[in-house]
Amino acid sequence: MDEALKACAALAEYRYTMDPVLSMLGEKWIPRAEKSVASVRRFVRDIATDWNAVEDVAEIAELLASELVTNALAHGSENTPNTLRVTVGREKELMTVDVYDSCIAVPRMRRANPLDTSGRGLAIVQDLSHNWGWTLNPYGKSVWFQLTAWPSFRSFSRTP
C-alpha cells in the first residue's frame, strides 16, 4: 500500500477525474474472464464508429481498451469481485475509455526485453493515446486513456 501512495503522489500533477458533465456514451460490465476481452474490443469499436470518431480512432480505442482489460485480468487480484467495468465517454473532442477493477495494485510501466511475450501494454497505451493514467478510489482503481476523436468539436448533440 505504501508503494501505491508514493506512486499516486508522483502522478498527482495530472489526474483525470470524470467530469459530471462528461457525456457517457456507454458502459459495460464484464466477467473476469479472458473471453471477455473480445467483447470489450467490439463494444469500444462500435461506440467510436457509431459516434463518427475520426480516422483510425475506432481501431486504436479497440486496441488500447484490450490492453487495459488484459492488464486488469492478468494483474488484478483473483480475491476481488469477479467483474470489471468499462465506460466510454465524450468530453468535447476527447473520447475517454475507463477500465475499473477492484484491485488497488498500481499499474507500472515496464521495459520488455525483445524476446518477452508481454510487458508492452502500457507503453502502447502511452504512445497511442492523447493522455492516460490511473486513479485510486476506496474500492479499487480506474485505468483510463483519452483519444482525440472529434478534433473539429463545435457543439455536441446526442444524435449520432
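Throughout these exercises a residue counts as buried under 20% relative accessible area, as exposed over 50%, and as partly exposed in between, with a 1.4 Å probe and protein chains only. The structure is a predicted model, in which local features need pLDDT of at least 70 and side-chain atom pairs count only at pLDDT 80 or more, while totals for chains, interfaces and linings use all residues. Residues are numbered from 1 along each chain as its sequence is written, and side-chain values use heavy atoms, with hydrogens and water left out.

**Exercise 1. The chain as a whole**

Solution: Helices (H or I, at least four residues) and strands (E, at least two) are taken as DSSP runs and numbered from the N terminus. Contact means heavy atoms within 4.5 Å; among contacts between residues at least 6 apart in sequence, 70% join residues at least 24 apart.

**Exercise 2. Two helix pairs**

Task: Describe how α2 packs with α3, and then how α3 crosses α4.

Solution: Axes are lines fitted to C-alpha atoms, for helices over the stretch in contact, and angles run from 0 to 180 degrees between N-to-C directions. Helix α2 (residues 36–50) and helix α3 (residues 57–75) pack at about 150 degrees with their axes 8 Å apart, which makes α2 roughly antiparallel to α3, a label given to angles over 145 degrees. The crossing of α2 past α3 is right-handed; a crossing is right-handed if the near helix is turned clockwise from the far one by less than a right angle, and left-handed if anticlockwise.

The next step is to list the residues. From α2 the contact takes Val37, Val40, Arg41, Val44, Arg45, Ala48 and Thr49, and from α3 it takes Ala58, Ala61, Glu62, Ala65, Ser66, Val69, Thr70 and Leu73. For the classes, Ala, Val, Leu, Ile, Met, Phe, Trp, Tyr, Cys and Pro count as nonpolar, Asp, Glu, Lys and Arg as charged, and the others, Gly among them, as polar. The contact of α2 with α3 then has 9 nonpolar, 3 polar and 3 charged residues.

For the second pair, the axes of α3 and helix α4 (residues 121–128) come within 9 Å and cross at roughly 150 degrees, and here the crossing is left-handed. The residues of α3 in this contact are Ile60, Leu63, Leu64, Glu67, Leu68 and Asn71, and those of α4 are Gly121, Leu122, Ile124, Val125 and Leu128. They divide into 8 nonpolar, 2 polar and 1 charged.

**Exercise 3. Positive phi in loops**

Task: State where glutamate 55 is found and whether lysine 92 is buried or exposed.

Solution: The background is that most residues other than glycine have a negative phi. Glutamate 55 has a positive phi of about 40 degrees; it is found in the loop between α2 and α3 and, at 76% relative accessibility, counts as exposed. Lysine 92 has a phi near 55 degrees, sits in the loop between β2 (83–91) and β3 (94–101), and is exposed with a relative accessible area of 53%. Glutamate 93 is found in the loop between β2 and β3 as well, but is partly exposed at 30%.

**Exercise 4. Lysine 141 and proline 107**

Task: Determine which residues lysine 141 is in contact with, leaving aside its neighbours within four places in sequence.

Solution: Lysine 141 has its place in strand β5 (residues 140–148) and is buried, with a relative accessible area of 6%. With those neighbours set aside, its contacts are Val99, Tyr100, Asp101, Cys103, Ala105, Pro107, Thr135 and Leu136. Turning to proline 107, this residue is found in the loop between β3 and α4 and is buried at 18%. Proline 107 and leucine 122 are 15 residues apart in sequence and 8.3 Å apart in space, C-alpha to C-alpha.

Notes
Parallel < 35°, antiparallel > 145°, perpendicular 65-115°, else oblique.
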